[in-house]
Amino acid sequence: MIVAARIFFVGGLTSFRALFYWLTPWIYIPTMLIAPIFQILLFAYIGRSAHLRSDEFYVIGNALQYSSIPCLFAMAQSIGGERFQDTLSAILVSPAARIPLFFGRSLPVVLNGALVSAFSLAVGSLILGVHLPASSFAPLALVVLIAAFSCTGLGLINAALSLRIRENAVLSNVIFGFLLIFTGANVPLDDLPSWMSTAAQGLPFTHAIAAARKLANGAGLGDVGGLVGAELLVGAIYGVAGFLLLRWFETISRRHASLERS
Amino acid sequence: MAAIEAAELRRTYKTHTGTFRRRAKEIEAVRGISFAVEPGELFGLLGPNGAGKTTTIKMLITLLIPTGGSARVLGLDVVHQAREVRKRIGYVFGGERGVYERLSGYDNLRYFAELYGVPAREQKRRIEELLELVGLKGREQERAEGYSRGMKQRLHVARGLLHDPEVLFLDEPTIGLDPVGAREVRATIASLTEAGKTVLLTTHYMFEADALCDRIAVISKGSIVAEGTPLDLKRGVAQGSVVEVEVFGIADEALERVRALGGVVAVAIEEREQAQVLVVQTEPDVELTQAILSHLNGSDVGRISRREPTLEDAYVALVSE
Amino acid sequence: MSSLRLLGVSWWLQFKMIMRSPFDGIGNVIYPLFFATTAFFVFRAGDSPRTLIYASFGAAVMGMWSSVSTSAGSAMQRERWWGTLELLVTTPRHFSLILLPTTLGLATVGIYNLAATLLWGRFLFGVHLTIAHPLLFALAILGTVLSFAGLGFLFAVSFVRFRAAWVLGNFFEYPVWLICGFLVPLSFLPGWVHPISWALAPTWGMSAIRESALGGSPLPDIGACVGLGLGYVVVGVLVTDRVLRAARVSGSLSLT
């Protein structure tokens, strides 16, 4: 158990640091802290020019949804990225238990994603003058964390696919795009065709965004328990599916020796 | 007038460590080197990886500005007359990079022909000629991503010759090639001097320098440690002899003791399949075999032999100083 | 003369390379479509056919800008990766003649984005467009492509020394989308933003495209757009020399 915990924490953190050695403040600040603010502003102003909904709607939707950038990219990097560093096979032949190994890698990703969301939520609200009740801060923080968890689950699937697809950045961008349209971040589910709003129920962020909007309007954590539970469930299903996919690809890769690029 | 002339050429790099509290560190890559290459000569810069060969070449081809000293190519200053220098030189480096993989070999050459201002009328003929010279005729319409290492390398050579430069700089052109590919590239290089080109070649392969170069400068840790014809360099150590002792695991202290022996010029360890070989170069007329063996007590010792020094030994002696 | 030939040949080869990278291509076309789709949904909820047409052109030019901003910033970095940057610098040509066709190639691909977005709006959201002045519309697009190439060129040279160039390129995607009047009329933005918008050629290109399509007078906008584009090129050429010399001093032309 303790060994597993060590693989989980230490292994996860080390790999995160090693793969992001290039992630200097010069990259982190523009992509993780400034870009989401611009995304919020863009859609808030689009909403204003279409004479629709309040700024709060767009601040919450985009602040949460933007954590898909760190969650999807970082997860794919921390697993798929190693393929290019030729270390994945070294890790896979090691007897380290797989579950703490892969999930350990996702822990820092979740925390970072939540941080990005929380930051953009706070700064976006300040810039646009959106007032969030102080009593909602703690439950909002929890929802933000759960949304990041849920998207990191999807990130695990993305990471598994990155073992097979070379252009992973494109895939991550495409997933980000789908999340932008489907999850209700900018378009209320009622305004979407019914097949889209149905599909949205199975995506990360959908329930978390709905919950966060309720919390901002004064609801208590108890009122959004169902939504939070659904978000957790979605994340857990993706996480398990991603893990199984990774194991499966690991097996095929070993058989076809396709783990390394050359 | 020399075709290439370097005078006290010096280059330091500043590197930074740390993200928030940046500390600057200076690295001296080239520490004041001087040499001259005559027109039509094939001159080799020979040295181990990291000795400063590439940095030197990059200063000569105007990619890097020296931090000290000066250099001229065909009498033109590489810092202040960069554009004039660029018109007259070709640059080829080894490895697979430096090719537009998504373009065909022909398009790669066409692009650079345009960049070097080869007149439109002559381009086609020139490219055909070069494809012939480097043996890529018939494959030129394929995308370069499908080329083998050797083919990419030969495409590089063709690119470097497009504008018929007077001086060519070849930076480890055979690195990473299989023996056959390397031999083909070497044959092409040898034919360049016959066509009257001046060539500066860097390599860390001894035999390559020996086979191709008229003169060699051995560079080690940013300084030139010897210069002359391959024959001169061999002669420098020819008076001594070499003792080779096969050992199975040797302690560092033992190595140090051997190195400290009177009459020893250089000591090196070569890895063989099962064992290591201790290579000891000695001064002439000294018989050290017994002394060496006595310092190896405790190690398993295999075959022992004595031979005449080769250019490789000369090189090892020079760069291990 | 030979410089013009160089521009033409390298523009064509650059274009060839971009079209041959299916994944980049798909990514470049699809990514802005997600934003376009979102915008269509938002504006459709607003329920005014007029605004949907407005949004359709806006989203189309957003796509054009994406193809330049995301790739131009990293144009130099890509050459660095390929190991070709040093080879380009050792040629006797002025470096701006080498770089300009690259960003021009990227901007040309933007026409594809424009068409894709307009068709997307037509077939998925039923936005019917009639172009009032087809000839001026074509001219407006051409002017926009040229000015985007100029702005991309200025980015590309300014980023030569930054290893994180690709991020900076992406970084300019959103702000231009936001402040150049693509989907948000300038009048909605705070007053202090206006001068910045006016200094950016995309603002005028956008306006020219709308005016020509909806039946206004696009010529002044086209003039401003092309004029600013040329201005970026002039500044870019001046920056090129400084930047390259600095890179030769610091030794940052190669990756290793």
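Domain bounds here come from an automatic or database domain assignment. For chain B, that assignment gives domain 1 (4-228) and domain 2 (238-319). Taken over C-alpha atoms, the centres of these two domains of chain B are separated by 36 Å.

A word on conventions. This is a predicted model, in which local features need pLDDT of at least 70 and side-chain atom pairs count only at pLDDT 80 or more, while totals for chains, interfaces and linings use all residues. Residues are numbered from 1 along each chain as its sequence is written, and chains are lettered from A and ligands numbered from 1 in the order in which they are written.

Between the domains of chain B, nine residues of domain 1 are in contact with five residues of domain 2, contact meaning C-beta atoms, placed from the backbone, within 7 Å.

Next, chains A and C: their contact takes 29 residues from chain A and 27 residues from chain C.

Finally, the largest nonpolar core has 243 residues, and L64(A), V143(A), A212(A), L60(B), A39(C) and V61(C) have the most contacts inside it. Both domain 1 (4-228) and domain 2 (238-319) of chain B give residues to this core, so it lies between them. Such a core is a set of buried Ala, Val, Leu, Ile, Met, Phe, Trp, Tyr and Cys residues joined through C-beta atoms within 7 Å; buried means that 20 or more other C-beta atoms lie within 10 Å of a residue's own. Not counting residues up to four places away in sequence, A212(A) touches I60(A), L64(A), L140(A) and V143(A).

Note on methods. Buried ≥ 20, exposed ≤ 12 C-beta atoms within 10 Å, placed from the backbone. Contact = placed C-beta atoms within 7 Å.
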